[in-house]
Amino acid sequence: RTARNLAAAVHTLHTAGYVIGDMSESNIFVSNTAVVTLVDTDSFQVANPETGAVHRCAVGRPEFTPPELQGADFGRADRTPAQDHFGLAVLIFQLLMEGTHPFEGIYEGPGDPPSYEQRIASGHFPYGSSQDIPYRPKPGAPTFHTLYPLLQSWFIQCFEKGRTDPMIRPDARSWQTALEQ
């Protein structure tokens, strides 16, 4: 219910022309009845419809930032709803997978494990279909296949296919619909 309500809130903001930008669990309050309230809204990206000026979101947490913005200067980046869709998918994954981050896993490669930023930029989603990543899902996390099949496909669409084409990431309304099903 919380994930569905979060998707609905993001959809409403996008419909009104806002981009959240700083998508993270720190900026979401959830009541004991699953009512979602977005907080810290002073960092939203807002476009002035009269002048076209864009008031950018100059902050963001790397573990919720899409691949194309990893390492970017947020103060100079015009963000899009497709980039919020990545952060939304991370939050929904965490809600459904008992807090597990979608790029968290047991590293099986050489050297030290890469940071979340590097994993996201490289598309190292351990629950997806790619066999060429040096991770496996962490023990103790729920199995990916317990999720509703449409949700599984949306996560793969977002984190694998959407890595190089942000426009094909499922939007907030798509997540809302899938979660309602």
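Reader: Where in the chain is aspartate 40 found?
Author: This is a predicted model, so to speak of local features takes a pLDDT of at least 70, side-chain atom pairs count only at pLDDT 80 or more, and totals for chains, interfaces and linings use all residues. Residues are numbered from 1 along each chain as its sequence is written, and side-chain values use heavy atoms, with hydrogens and water left out. Helices (H or I, at least four residues) and strands (E, at least two) are DSSP runs, numbered from the N terminus. Aspartate 40 sits in the loop between strand S2 (36-38) and strand S3 (46-47).

Reader: What is the phi of aspartate 40?
Author: Most residues other than glycine have a negative phi. Aspartate 40 is not a glycine, yet its phi is positive, at about 60 degrees.

Reader: Is aspartate 40 buried, partly exposed or exposed?
Author: Buried means under 20% relative accessible area, exposed means over 50%, and partly exposed lies in between (1.4 Å probe, protein chains only). Aspartate 40 has a relative accessible area of 38%, so it is partly exposed.

Reader: Which loop holds glutamate 98, and what is its phi?
Author: Glutamate 98 lies in the loop between helix H2 (81-96) and strand S5 (106-107). Glutamate 98 is not a glycine either, but its phi is positive, at about 55 degrees.

Reader: Is glutamate 98 buried or exposed?
Author: The relative accessibility of glutamate 98 is 68%. Therefore glutamate 98 counts as exposed.

Reader: In what order do the helices and strands run?
Author: The protein chain has five helices and six strands. Read from the N terminus on, the order is α-β-β-β-β-α-β-α-β-α-α.

Reader: What radius of gyration does the protein chain have?
Author: The radius is taken over C-alpha atoms, and the globule rule is 2.2 Å times the number of residues to the power 0.38. For 181 residues, a compact globule would come out near 16 Å. The protein chain agrees with that, at 16 Å.

Reader: What share of the residues is buried?
Author: The C-alpha atoms fill a box of roughly 50 × 35 × 25 Å, taken along the principal axes. The protein chain has 181 residues, and the buried share is 46%.

Reader: What share of the contacts joins residues 24 or more positions apart?
Author: Contact means heavy atoms within 4.5 Å. Take the contacts in the protein chain with a separation of 6 or more. Residues 24 or more positions apart account for 59%.

Reader: Which elements do the buried residues of helix H4 pack against?
Author: Helix H4 covers residues 149-159. Its buried residues include Leu151, Phe155, Ile156 and Phe159. The buried residues of H4 pack against H2 and helix H5 (172-180).

Reader: Which residues does glutamine 152 touch?
Author: Glutamine 152 has its place in helix H4. Its relative accessibility is 13%, so it counts as buried. Not counting residues up to four places away in sequence, glutamine 152 touches Phe144, His145 and Leu147.

Reader: How many disulfides does the structure hold?
Author: A disulfide is a pair of cysteine sulfur atoms within 2.5 Å. The sulfur of cysteine 57 has its closest cysteine sulfur in cysteine 158, 18 Å away, which is too far for a bond. The number of disulfides in the structure is zero.

Reader: What relative accessible area do cysteine 57 and cysteine 158 have?
Author: Cysteine 57 is buried, with a value of 1%. Cysteine 158 is buried too, and its relative accessible area is 1%.

Reader: Which residues are in contact with glutamine 94?
Author: Glutamine 94 is in helix H2. At 18% relative accessibility, glutamine 94 counts as buried. Leaving aside neighbours within four places in sequence, its contacts are Phe64, Gly99, Thr100, His101 and Pro102.

Reader: Which residues does histidine 124 touch?
Author: Histidine 124 lies in the loop between helix H3 (116-122) and strand S6 (135-136). Its relative accessibility is 15%, so histidine 124 counts as buried. Not counting residues up to four places away in sequence, histidine 124 touches Phe103, Arg119, Ile133, Pro134 and Tyr135.

Reader: What separates the C-alpha atoms of glycine 17 and glycine 162?
Author: Glycine 17 is in the loop between helix H1 (2-15) and strand S1 (28-30). At 48% relative accessibility, glycine 17 counts as partly exposed. Glycine 17 and glycine 162 are 145 residues apart along the chain, and their C-alpha atoms are separated by 22 Å.
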